[in-house]
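Open the model in your viewer and keep the selection panel handy. The stops below go one contact at a time.

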Amino acid sequence: MKELDHLKKAWENQTFEKQFSKEELYSLLQKKSARSVKWIFYLSVIEFALYLILPVFLPNYIDSFSYYKKLHLYRFSILTTALGYAVLIYFMYRFYKNYKKISFSTSVSSHLKDILNARKTVNQYFFINIGILIVFSVVVLMSAMEYDESLATVSNNGNTLVTLIAVLVVIVALIFLIFGLIYYLVYGRFLKALKENENELIENYSE
Amino acid sequence: MPEIKSEDDFFALLEKHQNILHKICRIYTQTEEEHQDLFQEISIQLWQSYHRFKGKSKFTTWMYRVGINTAITLFRKQKRSIDTLSINENQVVRYQEEYDDEKDQQLEWLFKQINDFSKIDKALVLLYLDNKKYDEIAETLGISPGNARVKMNRIKQKLSKMLKTK
């Protein structure tokens, strides 16, 4: 038992060189969120770069526009593509603003408010992107049924039409699932740290 | 938007009692880097659950509880790849070199011994060495005081057996 007491004494007397001040403790909390938000911004830049080089790696990318032309959707496809880029540029700017804000927020409460906003921005980005994608896919498929001869004959048959609509629903669900999963995997891990803060905040405000 | 309550109080208390976190980190980590990571993780967890802290238990008991829970459930040591292995080993050595006199050697011995302990046993060692009473241990670990006593006696025996064969 004497040895145990010695051990306790040694434990009691241990010192820790690194002692944090209040300000350092605050910046510890800040750093982690800033890191997540910074990565969200970087990811959007990477995503933008990927969109830009996409036509180079997908040889059919340009050809697909002539198909849309056949479906009387040429203008629509150009517009949605432009809209996609505009949305991305707009959100890149928002992500950058969030990052700057979080890095320089002055108190924990305003810092948490910024985190809440950052999370909201990513969610908006996700739903707007998925929205554009789904609207685009549905419009293309509907036009294809009307103007694409191979599909148009099928859609005249009642039974096949039901099947086709079912296929359409499945395709939309798949788009949502696949892109949802990609965004969840890519952005989700950086949102994890922020998500809990948001829940805490909501709970706090409702008290 | 209302202010988050008393953030100043929180940071003042955290600053004052930070050694509790340092002790938890020392028990659960092996390198300075892991120590800092866990310290940061616990601080974040404490801050996030601070508004739920109603003062029913002592602030320090609550710190132990959140700290130990974080160390047990959330904190994963960084995976060692071949590239980083040598760096990490150097860090372990440097971390241990800090203990130079006799008492520190005793601590160094302790940390080596408990390295293979389960996460729960490490928590018990920490609470035992910090002279915590059974009811506080029970509250911290979420077990009954009777169970706390049984577990504490077991860990005490384990430690003293190790000390005898030292």
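Select B:Asp121 and B:Lys158. They form a salt bridge, with the closest N and O atoms 3.1 Å apart. (A salt bridge is a side-chain nitrogen of Lys or Arg within 4 Å of a carboxyl oxygen of Asp or Glu.) The pair links distant parts of the chain: B:Asp121 sits in helix α7 of chain B, B:Lys158 in helix α9 (residues 145–164) of chain B, and 37 residues separate them. Helices here are DSSP runs of H or I, at least four residues, numbered from the N terminus. B:Asp121 counts as buried, because its relative accessibility is 8%. B:Lys158 is partly exposed, at a relative accessible area of 30%. (Buried means under 20% relative accessible area, exposed over 50%, partly exposed in between, using a 1.4 Å probe and protein chains only.)

A word on the source: this is a predicted model, in which local features need pLDDT of at least 70 and side-chain atom pairs count only at pLDDT 80 or more, while totals for chains, interfaces and linings use all residues. Residues are numbered from 1 along each chain as its sequence is written, chains are lettered from A in the order in which they are written, and side-chain values use heavy atoms, with hydrogens and water left out.

Next, select B:Glu139 and B:Arg65. Their side chains meet in a salt bridge (3.7 Å, N to O). B:Glu139 lies in helix α8 of chain B and B:Arg65 in helix α4 (residues 59–74) of chain B, so this pair ties together parts 74 residues apart in sequence. B:Glu139 is partly exposed at 36% relative accessible area. B:Arg65 is partly exposed too, at 25% relative accessibility.

Now go to B:Lys23 and B:Asp130. Are these two buried or exposed? Both are buried. Their side chains meet in a salt bridge (3.0 Å, N to O). This pair also links distant parts of the chain, 107 residues apart: B:Lys23 is in helix α2 of chain B, B:Asp130 in the loop between α7 (119–129) and α8 (134–141) of chain B.

Over all chains, the structure holds 8 salt bridges.

Last stop: B:Thr29. Find it in the loop between α2 (18–28) and α3 (32–49) of chain B. B:Thr29 counts as buried, at 4% relative accessibility. What does its side chain reach? Show the backbone oxygen of B:Cys25: the side chain of B:Thr29 reaches that atom at 2.6 Å.

Technical notes. Helix = DSSP H or I, 4+ residues; strand = E, 2+ residues; numbered from the N terminus. Polar contact = N/O pair within 3.5 Å; in protein donor to acceptor, adjacent residues only side chain to side chain.
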